[in-house]
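Please keep the model in view while reading.

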Amino acid sequence: MSKLLSSIDFTKVFTPHVLLEAVKVIAIIVIGFLLVRLTAAVVRRVVAKNLSERTKMILQKSIVYIGVVIIVIAALSEIGVKLSALLGAAGVVGIAVGIASQTSLGNIISGLFLVSEKTFVIGDVISVGDKTGVIHAIDPLSIKLRTFDNLLIRIPNQTIITSEVTNITRFPIRRMDLSLGVGYSSDLAKVQEVLLSIARENPLVLEEPAPLFVYNSFAESSINLTFGVWFFKDDYLALRNSLFQSIKERFDEEGIEIPFPQRTISVMASGAGGIDGAGGAAVGSKADAGSPGRVGTKARGAGRLRKRARPGDAAEA
Amino acid sequence: MKEKKISSLAELWDREVPFAEGECRLWRLGPCRFWIERREGEWRIAFEDAAPEAPGRSRPARAAAEIAAGVSAMPPGDLAWLRFITGSGEEILIRPALPDRPVIVRPRSPVAILPGRSARFFVRIPTWVSIIAASGERRTMLIQRPVVRLSNTWFGEPDNGELCYAFASPLAASPAETMPTPFTVVCPITIRNETAGPLDFQRLCVRVQYLSLYAGAENLATNEVVFHFHGADQSSQITFHEEPPDFERDVRRISGPQVSPSKNLIQKSFEYIKSLTTY
């Protein structure tokens, strides 16, 4: 190594001309980078004042990438590299890279479409597939979501553009729909009045638009209904928790039951001795909309026993 | 605890109350109770949250008898105290304030104003309370809270409207008909129907941020608002009178508008039919 170094005549390598060229190249790089950063900052602050955060970011990054290419070309030109040959080689490399980076290009182009659509901005809460989170960053290739349990999810722009995206916080007010079931023995008019009074008494529920109350179905164990209240988007958690508490408390006070799935088990015996009767027994079951808490047995004819069962009663039955 | 009966607004509002170190005093304004305690270099304030005022209820607040202004009292032990480190200060100023959002007034009974006619109404709006630390000439706002917690409501389209407070109030013909309490403000409203058809509205948006607040001999009051109704599909022209309310005597101004209004504000002010109740 020392022999190699001693064989080099540094006075011939580092001639004043070479040193001058080196200074020029360094100056081009340093000044070029400063100019690029300055231009990007000015464009972001002044020119792009009325643009969205996403557009500003893409504009800024485009300026930086183009600037870097110009700086590299200028520096190479300064040290005497023939650009025509280089560009020819770059063309070939470009085709190869282009083929290899089809996905990336697709993402960039998808990103441009997303920008023009203005479906969301940084800070919005969106759902893509089964992922929900706050938009943390919008980049040329992807968007980054911060989930509510503080995970970062990267979703490629191409996925976004081909998926159904729900912007949860786009509009200032939303409706919270609660699906409820009440027992068949409940007074439905009372149920409606109780729910509407819960909405009236909760200050987070918007008085207008008015709450929605609609019956949905006569289900196996309950009469199902939808109770929807409008709220300001920032009040989601506070409202949801307070509503659940209020509904449970008021339903308990008013004796309105929220039934859970129930099943009536009929034990049929051929003899007259009930379930222990001689002659064997047939056991059947069918869905029943009976009320919880009314667990009991009822003999229906000789040898047939009907029991309303609830979870935990299996051993009893 | 001994509560003192309030005989005039001046005893309750805008009065500097001196505190000895370690002293605790109670204010009770209908449904709202709060304690203020002075400690070395700091103020401690605790609120007891009242049940919210449901918009459908007719009673604006509790009776005026349930009022106490700065009586010495020990607070219950389970209150959450807010601490304000102010350094110095021996006095507290309790001042009324207007709500921080527009208030939607829903008349209890329908009102129709015929074409070319105008009507003057008085509505009552619950105040907020400002707690201000006073030290010589210096005033430092510590906190503002509503005396009556009003329900939220939305005024306008679901994608483009305003978050407001809802309040059911009669459109009274005189301030005396509005169930006076020391913690509600009388707002005089004039509506001019400048269309060829009748004006039959369900809700009226009072943008209190443009109003000044005055204390009179009997009522807290605002300056007058005039709505010029030009049609259901057009925004209304709103004019705010700069003069103090003419129905009160011994009027003094407590605060100016939170937002300076332009001379003629054009904004949507009336709502007629519910449009968002469908599935």
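Tyr236(A) has a relative accessibility of 29% and counts as partly exposed, whereas Phe231(A), at a relative accessible area of 1%, is buried. The model is a predicted one. Over all chains, a search of the whole structure finds eleven aromatic pairs. One of them is formed by Phe231(A) and Tyr236(A), a tilted pair with 5.9 Å from centre to centre and 45° between the planes.

In chain B, Phe122(B) and Phe247(B) form an edge-to-face pair, because their planes stand at 80°, with the ring centres 5.1 Å apart. Phe122(B) belongs to strand E10 (residues 118–126), while Phe247(B) lies in the loop between strand E21 (236–240) and strand E22 (252–255), so the pair ties together parts that are 125 residues apart in sequence. Phe122(B) is buried, at 4% relative accessible area; Phe247(B), at 21% relative accessibility, is partly exposed.

Ring pairs also join Phe19(B), Trp27(B), Phe34(B), Trp43(B) and Phe47(B) into a cluster.

| Charged residue | Ring | Distance to ring centre |
|---|---|---|
| Arg101(B) | Tyr165(B) | 4.2 Å |
| Arg145(B) | Phe47(B) | 4.2 Å |

Thr190(B) is placed in strand E15 (residues 184–193) of chain B. With 8% relative accessibility, Thr190(B) counts as buried. Its side chain makes a polar contact of 2.4 Å with the side chain of Glu224(B). Beyond its neighbours within four places in sequence, Thr190(B) is in contact with residues including Ala119(B), Arg120(B), Val225(B) and Phe227(B).

Definitions and conventions
Residues numbered from 1 in each chain as written. Chains lettered and ligands numbered in written order. Predicted model: local features only at pLDDT ≥ 70, side-chain atom pairs only at ≥ 80, totals over all residues. Heavy atoms only, no water. Helix = DSSP H or I, 4+ residues; strand = E, 2+ residues; numbered from the N terminus. Buried < 20%, exposed > 50% of the residue type's maximum accessible area, 1.4 Å probe, protein only. Polar contact = N/O pair within 3.5 Å; in protein donor to acceptor, adjacent residues only side chain to side chain. Contact = heavy atoms within 4.5 Å. Phe/Tyr/Trp six-rings, centres within 6.5 Å; stacked < 30°, edge-to-face > 60°. Lys NZ or Arg CZ within 6 Å of the ring centre and 35° of its normal.
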